[in-house]
Amino acid sequence: MKYRRAVKRISSILAIMALGVSLTACSETTREEYRDEMTDQACERYYGRCDQVGPGKTYASKDECTVKVRAQINDMWPADKCDDGRIDESKFDACMTRVSNASCSNLLDWASFLVECSANKVCTAPRS
């Protein structure tokens, strides 16, 4: 009898946990989450790789890079154009790839990123 109760209790707990995980998995990624992911990518995969983070460099520290790049992306993807789930995930993924693969010495790569990852390209039309 105790065994059956324990099994039912564990089954109930697992069902509740599974529901919580599935509800979290279904939630839409916010503009802020996309922004933070892009910020991390830029600071680690571009500025870090290109030796632009450290004393006397473009950004004195990773924290400074994070704060400044986050602000730049906020400006690039303003809430009035990109909020409410209006960021196109496939175009965002393409931007992430562009940042990861950008040449450290080719300014055209960076200019191309700014064009391809602008709000006009990445953000979709408002929901109807």
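Analyst: A residue is called buried when its relative accessible area is under 20%, exposed when that area is over 50%, and partly exposed in between. The model discussed here is predicted.

User: Why is Cys82 called buried?

Analyst: The relative accessible area of Cys82 is 1%, and because buried means under 20%, Cys82 belongs to the buried class.

User: How do you know that Cys82 and Cys123 form a disulfide?

Analyst: The sulfur atoms of Cys82 and Cys123 are 1.8 Å apart, and since a disulfide asks for cysteine sulfur atoms within 2.5 Å, the pair therefore qualifies. With 80° about the S-S bond, the link of Cys82 and Cys123 is right-handed. The two residues come from distant parts of the chain, Cys82 from helix 4 (residues 79-82) and Cys123 from the segment after helix 7 (119-122), 41 residues apart. Cys123 has a relative accessible area of 11%, which is under 20%, so Cys123 is buried.

User: What makes Cys50 and Cys104 a disulfide, and where in the chain do they lie?

Analyst: Their S to S distance is 1.8 Å, which lies within the limit of 2.5 Å, so Cys50 and Cys104 are joined by a disulfide. This link is left-handed, with -80° about the S-S bond. Cys50 is in the loop between helix 2 and helix 3 (62-76), whereas Cys104 is in the loop between helix 5 and helix 6 (107-116), so that distant parts of the chain, 54 residues apart, are linked.

User: Why is the disulfide of Cys95 and Cys117 given a hand, and which one is it?

Analyst: Cys95 and Cys117 are joined with an S to S distance of 2.2 Å, which is within 2.5 Å, so the pair meets the definition of a disulfide. The torsion about the S-S bond is about -125°, and the disulfide is therefore left-handed. Cys95 lies in helix 5 and Cys117 in the loop between helix 6 and helix 7, so the bond ties together parts that are 22 residues apart in sequence. Cys95, at 1% relative accessibility, counts as buried, and Cys117, with a relative accessible area of 0%, is buried as well.

User: How many disulfides does a search of the whole structure find, and what pattern do they follow?

Analyst: The search finds four disulfides. When the bonded cysteines are counted along the chain, the pattern is 1-3, 2-6, 4-8, 5-7.

User: What makes Lys62 and Glu44 a salt bridge?

Analyst: The side chains of Lys62 and Glu44 meet at 3.5 Å, N to O, and as a salt bridge requires a side-chain nitrogen of Lys or Arg within 4 Å of a carboxyl oxygen of Asp or Glu, the pair therefore counts as one. Lys62 is in helix 3 and Glu44 in helix 2, so this bridge links distant parts of the chain, 18 residues apart. Both are partly exposed, Lys62 at 37% relative accessibility and Glu44 at 47%.

User: Which residues form the negative surface patch, and why can Asp93 be one of them?

Analyst: The patch is formed by Glu37, Asp40, Glu89 and Asp93. Helix 2 (31-48) and helix 5 (89-101) are the elements that give two or more residues to this patch.

Technical notes: Residues numbered from 1 in each chain as written. Predicted model: local features only at pLDDT ≥ 70, side-chain atom pairs only at ≥ 80, totals over all residues. Heavy atoms only, no water. Patch = residues over 30% accessible without salt bridge, like charges linked within 9 Å, V, L, I, M, F, W, Y side chains within 5 Å. Areas by Shrake-Rupley, 256 points an atom, 1.4 Å probe, with all protein chains shown as cover. Lys, Arg positive; Asp, Glu negative; His and termini not counted. Charge placed at Lys NZ, Arg CZ, Asp CG, Glu CD. Helix = DSSP H or I, 4+ residues; strand = E, 2+ residues; numbered from the N terminus. Buried < 20%, exposed > 50% of the residue type's maximum accessible area, 1.4 Å probe, protein only.
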